[in-house]
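Colleague: I would like a close look at one part of this structure. Please pick a single strand and walk me through its surroundings.

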Amino acid sequence: MTYSLQGSSITLAEELPDQDLFPLIAEHTTHLSDDILAVQNENSQGYMPLRAWLQSEWQQHKGIEVDVNQILLTTGTEQGMEWLTRVYVDQGDTVLVENPTSPSILELLRMRGATIIPIDGDAQGVLLHTLEESIKTTTPKFLFVTPNFTNPTGVIWSIERRAQVLDLCRRHHVLIVEDDTYGDLYFDEATDPLSFSKRYPSLFTLDGHEVGGQVLYLGSFNKTVAPELRTGWVVGNRKLIELMSAGMPMADCQSNALNQRLLYQLLVSTTFDWRNHIALVRHEYNIRLELMKNMLKKPVWRDARYELPSGGMFIWIKLPEGLRSEALLKCSIRKGVDFCPGGLCCVDKGEGSDRIRLNFTQPRRDELIQGMHLIGEAVSEFTARS
């Protein structure tokens, strides 16, 4: 279901960061007009210096060693998933997904004609018994999960659940597609990146990153460094990476070469420190989460249920009894604010009709407060009738 956002000036709906927090690329990069290679077709796996930078930084930043030929550059998580499904999923094939999950991923899988099976979770991660039953009763092509700050719930999986899910999928030969888009957006400022990665290792790391045979890892710069350059990456088994890159349309493999070069120049620039930048982004997003928490303490939200995340971009809220997200959204849009109705995040759209997803990273502080105030007004109008 789609909604017209005409008249909506504040959005808490998107899977986006606040672009005002990100650097002006021109201030940190040199002009590319003299680089004749910048207008030539890039290697189908992407700009080699950027892939080599990722290889080096992964080892230092996350303690992961990979071969540069295991890295495929994309425009982001969705394009990585699109390339995977083109070469790996046929009409009617079964795909398991953490439920709820990203609306854009669900839409992509539906467009591919996949049979989508939801795997519910708890505060530790996806439920093992549900996952095992689904694996045994279907023949899934892969399991799609987001262990670090799941979209939309904000859950961060325990290391025990990560190991258990990996072991189960390994025993049944099920590929895991791990989306780590939000993995750098944790709000414990006392924790350095390497410590966080050791406390919450990726499934790819646990699998044995020299081969990466059981896990395909998806990462992105779009939420952390340069949203406007639209660059992400996929890391996995070399044969699968080669299969995905070989299946890319020619238009795709040409479209992002300049962006990849600009991003590389930004990352190696002496005037830009990407780690300090991400730390500043985390600090600001934590402030915005606190603002949203304070707004949720207001009486209008007293019957709502939610868990505050320790990172990521979203709060997943169960609305007061009897209130439906679609009706609330229509009322909120009339007031000038929108959000993501829970049904768009669920395999069964009816399942999320009493839930909403609020993004606290894209709206500025004043917009966030005003947006929450307007949604609160809409909630009041409904609860006053009951």
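Modeller: What follows is a tour of strand β12 and the parts around it. Keep in mind that this is a predicted model.

Start with the strand itself. β12 covers residues 337–341. Is it buried or exposed? It is mostly covered, with 5 of its 5 residues buried.

Now look at the strands that pair with it. β1, residues 10–12, runs parallel to β12, and 3 bridges join the two. Two of the partners can be named. T11 has D338 as its bridge partner in β12. L12 has F339 as its bridge partner there. Strand β13, residues 355–359, is also joined to β12. Here the strands run antiparallel, with 2 bridges between them. C340 has R357 as its bridge partner in β13.

Step back to the whole sheet. It is an open sheet of 5 strands with mixed pairing. The order is β1-β12-β13-β11-β10. Which strands stand at the edges? They are β1 and β10 (305–306). Each of these has a single partner strand, so one side of each is left without a neighbour in the sheet.

Helices lie across these strands. α12 lies across β12 and β13, and runs at about 160° to β12. α11 lies across β1, β10, β11 and β13. Its angle to β11 is about 15°.

Next comes the nonpolar packing. In soluble globular proteins, nonpolar side chains tend to be buried together. The largest nonpolar core here has 41 residues. Those with the most contacts inside it are M292, W301, L328, L358, M372 and I375. Which elements give two or more residues to this core? They are β1, α11 (274–296), β11 (314–318), α12 (325–335), β12, β13 and α13 (365–385). α13 gives the most, with 7 residues. Take M292 as a close-up. Leaving aside neighbours within four places in sequence, M292 is in contact with L12, I315, L358, N359, F360, L368 and M372.

Now the cysteines. How many disulfides does a search of the whole structure find? It finds 0. C345 is in no disulfide, and its nearest cysteine sulfur, that of C340, is 3.9 Å away. A disulfide needs the two sulfur atoms within 2.5 Å. C345 is counted as buried because its relative accessibility is 0%. What about C346? Its sulfur is 6.3 Å from the closest cysteine sulfur, in C345, so the two are too far apart for a bond. C346 is buried too, with a relative accessible area of 2%.

Last, look at the loop. S353 is found between β12 and β13. Why does S353 count as buried? Its relative accessibility is 15%, and the cut-off for buried is under 20%. A polar atom of the S353 side chain lies 3.1 Å from the backbone oxygen of G350. Setting aside residues up to four places away in sequence, S353 touches L323, R324, S325, E326 and G343.

Methods
Residues numbered from 1 in each chain as written. Predicted model: local features only at pLDDT ≥ 70, side-chain atom pairs only at ≥ 80, totals over all residues. Heavy atoms only, no water. Buried < 20%, exposed > 50% of the residue type's maximum accessible area, 1.4 Å probe, protein only. Helix = DSSP H or I, 4+ residues; strand = E, 2+ residues; numbered from the N terminus. Pairing = 2+ DSSP bridges. Core = buried A, V, L, I, M, F, W, Y, C linked by side-chain atoms within 4.5 Å. Contact = heavy atoms within 4.5 Å. Polar contact = N/O pair within 3.5 Å; in protein donor to acceptor, adjacent residues only side chain to side chain. Axes fitted to C-alpha atoms, helices over the stretch in contact; angles between N-to-C directions.
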